[in-house]
Every structure is written in C-alpha cells, then in structure tokens.
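User: I have a structure here and a few quick questions about it. Can you go through it with me?
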Amino acid sequence: MKAGLIGIVFFVWVSMLFGVWVTWKFVAPLQLPNPVLGGVAKVWLGVGLAALWLWIWRKIANTYFWQTIKKKQDTVQACA
C-alpha cells in the first residue's frame with residue numbers, strides 16, 4: 001500500500017518537473033506577430049498543461065483509492 005502512495009508522489013513530482021521544463025522550453029519562448037495573441041496563447045497552453053496534469057493525477061489517485069477499497073472489502077469478506 002505504501003509503495004502505491006510513493007509511486008503517486010514520485011509521479012507527481014517528476015511530472016511537475018517535466019511540466020516546468022516544457023513550459024520553460026516551449027511555451028515561454030513562443031513568439032507570435034501579435035503580442036496580445038501571443039500572451040493569450042501562452043496562457044491557454046499553460047492552463048491546458050495544468051488541466052492535463054490535474055486530470056492525470058486525479059485518474060491515478062482514483063484508481064489507487066478504489067483498488068485500496070476493493071482490497072479492504074476482500075479482506076473483510078475473507079475474515080467473515
């Protein structure tokens with residue numbers, strides 16, 4: 001059980017570092033002819049990356065939660 005939590009925390013930190021690298025390498029230097037349009041594009045790319053990160057994290061956490069609940073139910077039923 002603790003290995004699963006360690007895996008989730010490790011994934012979160014690695015993906016955050018990767019997201020910062022992607023933002024620094026690709027989003028920040030983005031230049032469009034219109035500065036306002038470039039700023040809007042940067043914001044939307046940043047929001048999109050953050051939303052994707054949160055969605056993936058939610059899926060992993062939900063999967064871990066329901067697997068833990070299922071294991072606990074199986075344990076309780078086996079003892080009964």
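User: Is D74 buried, partly exposed or exposed, and why?
Analyst: D74 counts as partly exposed because its relative accessibility is 39%. Buried means under 20% relative accessible area, exposed means over 50%, and partly exposed is in between, with a 1.4 Å probe and protein chains only. This is a predicted model, where local features need pLDDT of at least 70, side-chain atom pairs count only at pLDDT 80 or more, and totals for chains, interfaces and linings use all residues. Residues are numbered from 1 along each chain as its sequence is written, and side-chain values use heavy atoms, with hydrogens and water left out.

User: What does the side chain of D74 meet?
Analyst: It meets the side chain of K70 in a salt bridge, at 3.7 Å from N to O. The term covers a side-chain nitrogen of Lys or Arg within 4 Å of a carboxyl oxygen of Asp or Glu.

User: And K70, buried or exposed?
Analyst: K70 is exposed, at a relative accessible area of 51%.

User: Where do D74 and K70 lie?
Analyst: Both are in helix α2, residues 35–79, and they sit four residues apart, about one turn of the helix. Helices here are DSSP runs of H or I with at least four residues, strands are runs of E with at least two, and numbering starts at the N terminus.

User: How many salt bridges are there in the whole structure?
Analyst: A search of the whole structure finds one.

User: New topic. How many helices and strands does the chain have?
Analyst: Two helices and zero strands.

User: What box do the C-alpha atoms fill?
Analyst: Roughly 70 × 20 × 10 Å, along the principal axes.
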